[in-house]
Amino acid sequence: MLESLTGLGLATSAGLNAYIPLMAIGLLARYSDLITLPSNWAWMENGWTLTIIAVLLAIEFVADKIPMLDHVNDVIQTFIRPTAGGLAFGAASSSETVTVTDPGSFFTSHQWVPIVVGGAISLGVHGMKAAARPVINATTVGVGAPIVSTIEDFFSVALSVLAIVFPLIVLLFVLLIFVSFGWLMRRRKRRKEEKAAAKWAAAQGYRPAP
């Protein structure tokens, strides 16, 4: 079961930033003993692969912090983040880590399952992120975009590392992401209701008390 939690954490991380979990897997596999990739996933720790991911990560890092451009980036990432999540989950479910010594036992004969599951998880998280960002930009006049993006990047890095080293903590991080999204959506609904009430009052000729 631990490999499924590792995959869950990495796929969730990919939903926030496609390249951070892939970079984490590659770097930790190449320069540490925290994760050992099987031969069919060894390309992830190749120097050229890491270089390409680093370039794409730099572009994503900047684009996601600029209001309006972050929305365009989210549209493009609709296809990239689920793919990255599938790759991350697939690699994690078949790799040895400090907590998983029998990789792949949870997904015995269906090697495609973790890739599909990882893609679905990343797509769901990406959907929440893409839905929340316009709300944040509108309520903060764009000022919140770089702040929230930096927080998301921090969560993505922390979740990627913890998924490999302490997979049980992944559940707490995932729960925190869903709770934060739920709070933001409730706030958005409340603001819409307040605006609708104010518009109705104005149409009826009511004026706020001085």
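View 1. What you're looking at is a predicted model, in which local features need pLDDT of at least 70 and side-chain atom pairs count only at pLDDT 80 or more, while totals for chains, interfaces and linings use all residues. Residues are numbered from 1 along each chain as its sequence is written, and side-chain values use heavy atoms, with hydrogens and water left out. Helices here are DSSP runs of H or I with at least four residues, strands are E runs of at least two, and both are numbered from the N terminus. Gly124 has a relative accessible area of 37%, so it is partly exposed; buried means under 20%, exposed means over 50%, and partly exposed is what lies in between (1.4 Å probe, protein chains only).

**View 2. Ser122 is another residue of helix α5, which covers residues 112-140.** Ser122 counts as buried because its relative accessibility is 0%. Its contacts, meaning heavy atoms within 4.5 Å, include Ala11, Ala14 and Gly15, along with Arg81, Pro82 and Gly85, once neighbours within four places in sequence are set aside.

**View 3. Helix α1 (residues 2-16) meets helix α2 (residues 19-31), with their axes coming within 6 Å.** A pair of packed helices is described by the angle between the axes and the distance between them. Here the crossing angle is roughly 135°; axes are lines fitted to C-alpha atoms, for helices over the stretch in contact, and angles run from 0 to 180 degrees between N-to-C directions. That makes α1 and α2 oblique to each other, the label left over once under 35 degrees is called roughly parallel, over 145 roughly antiparallel and 65 to 115 roughly perpendicular. On the α1 side look for Leu10, Ser13 and Ala14, and on the α2 side for Ile20, Pro21 and Ile25. Sort the residues of this contact by type and you get 5 nonpolar, 1 polar and no charged. For that sorting, Ala, Val, Leu, Ile, Met, Phe, Trp, Tyr, Cys and Pro count as nonpolar, Asp, Glu, Lys and Arg as charged, and the others, Gly among them, as polar.

**View 4. Helix α1 is mostly covered, with 14 of its 15 residues buried.** The end C-alpha atoms of α1 are 22 Å apart, which agrees with the 21 Å that 15 residues should span at 1.5 Å a residue. The expected span is 1.5 Å times one less than the number of residues. Ser13 belongs to α1 and, at 0% relative accessibility, counts as buried. Not counting residues up to four places away in sequence, Ser13 touches Ile20 and Pro21, plus Ser156, Leu159 and Ser160.

**View 5. Helix α3 (residues 47-63) reaches 24 Å from its first C-alpha to its last, close to the 24 Å expected for its 17 residues.** Buried in α3 are Thr49, Leu50, Ile53, Leu57, Glu60 and Ala63. Down the axis, these buried residues fall within an arc of 150°, so they line one face of the helix; the arc is that of the directions from the helix axis to the C-beta atoms. An α-helix has 3.6 residues a turn, so residues three or four places apart point the same way. The buried residues of α3 pack against α1, α2 and α4 (69-93).

**View 6. Met68 lies in the loop between α3 and α4.** Met68 isn't a glycine, but its phi is positive, at about 75°. With 66% relative accessibility, Met68 counts as exposed.

**View 7. Ile177 is part of helix α7 (residues 170-203).** Ile177 counts as buried, since its relative accessibility is 14%. Met128 is 49 residues from Ile177 in sequence and 9.3 Å away in space, C-alpha to C-alpha. Leaving out neighbours within four places, Ile177 is in contact with Thr12, Leu16, Met128, Phe155 and Leu159.

**View 8. Ala24 belongs to helix α2.** Its relative accessibility is 12%, so Ala24 counts as buried. From Ala24 to Ala88 is 64 residues in sequence and 9.7 Å in space, C-alpha to C-alpha.
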